[in-house]
Amino acid sequence: MPTTPLLMGVVNVTPDSFSDGGRWLEPDAAIAHGRELVADGADILDIGGESTRPGATRPLVEEELGRVVPVITALAADGTTVSVDTMRAEVAEAAVAAGATVVNDVSGGLADPRMHAVVARSGASYVAMHWRAHADHMRDFAVYDGPGGVVAAVRDELARRVETMLAAGIEADRIVLDPGLGFAKRQEHNWELLRDLQPLRDLGFPLLVGASRKSFLGRLLGAAGSPRAVGEREHANTALTVLLAQQGVWGLRVHDVRAAKDALRVLERLADEGDRP
Ligand code: PMM
């Protein structure tokens, strides 16, 4: 049985995230929500101040800083492991100064040329996700026509990101990779990646996967043309939690930590054979 994945609980301090936009925009609400997720079993809290929903426009850097820094400061002061979900080096730097120890960059460094240098200096762990373009035009980049399709393309593009990270001085043991479900991916691309994560694992880095509440699950569960509502996709995510845990992923980025934790507890109990006669 592989080791149990870490659960990264999502705290979106945004007005417009697809999954929970606006619910935790006030710092106190976001902090309280983060504490709830820790009580539910989150190992890491991922604090984000920019929505990456398809078509989203970017906040000003000052807005993003104003959203995430107070929340990170409070949650890190609790002793919780905090990750900042940002594509901006300036925000990553401020977040680490406020107590974050993980930088989760959905662009893998492509959105901000200073990111890798800042992460290298910071000593933080670095989650580099597969990404091709900002949310307002990422749909145009969801084309994977080469040999090996989406799986080979994601593997090769992440491998190139790793080279630039290492060259910038981010040590290998600080790097985590993420296939970037839903980012410049059509429905079928997400399923192909979930079906075949092994080539990404073969790159030799821990994997984080974020499937929670994403539209490919809504499309699967809904009727033609009307995806299942965001809050009603949890059982499907639980199925993926089990699948991905059994494949030995390092971490799962989830909104409903309690549901994911319950699934992991079942797997852990099954792996504990102490009750065999
Ligand atoms: N997905 C979202 C945001 N940040 N970070 C990583 N590493 N992986 C993801 O899949 C990912 C992410 C979008 O989801 P949200 O709007 O619910 O936060």
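Biologist: How do the eight strands line up in the open sheet, and is the pairing parallel or antiparallel?

Modeller: Strands of a sheet pair through backbone hydrogen bonds, in either a parallel or an antiparallel way. Here eight strands make an open sheet in the order 6-5-4-3-2-1-8-7, and the pairing is parallel. Strand 6 (175-178) and strand 7 (208-209) sit at the edges with a single partner strand each, so one side of each has no neighbour in the sheet. Two strands count as paired if DSSP finds at least two bridges between them. Strands (E, at least two residues) and helices (H or I, at least four) are DSSP runs, numbered from the N terminus. Bear in mind that this is a predicted model: local features need pLDDT of at least 70, side-chain atom pairs count only at pLDDT 80 or more, and totals for chains, interfaces and linings use all residues. Residues are numbered from 1 along each chain as its sequence is written, and side-chain values use heavy atoms, leaving out hydrogens and water.

Biologist: How many bridges join strand 4 to strand 5?

Modeller: Four, with strand 4 (residues 102-105) and strand 5 (residues 125-129) running parallel. V102, for instance, has S125 in strand 5 as its bridge partner.

Biologist: Where is the empty space, and how do I read it?

Modeller: Rolling a probe the size of a water molecule over the atoms shows where empty space is left. On a 1 Å grid over the protein atoms alone, a cavity is a set of points where a 1.4 Å probe fits but cannot get out; a pocket is an open set with protein on both sides within 12 Å along at least five of seven lines, and lining residues have an atom within 4 Å of a point. Points are joined across faces, edges and corners, and a volume is the space filled by probe spheres set on them. The largest pocket holds about 880 Å³. Its lining has 41 residues, and P54, M138, G182, F183 and S215 are the closest to its centre. Helix 6 (187-195) and helix 8 (215-221) each supply at least two lining residues of that pocket.

Biologist: And how many cavities of 30 Å³ or more are there?

Modeller: Two. The largest cavity has a volume of about 60 Å³. Of its 13 lining residues, E50, T52, M87, H134 and A135 are the closest to the centre. The second largest cavity comes to about 40 Å³, and its lining includes V209, N237, L252 and R253. Helix 9 gives the most to that lining, with four residues.
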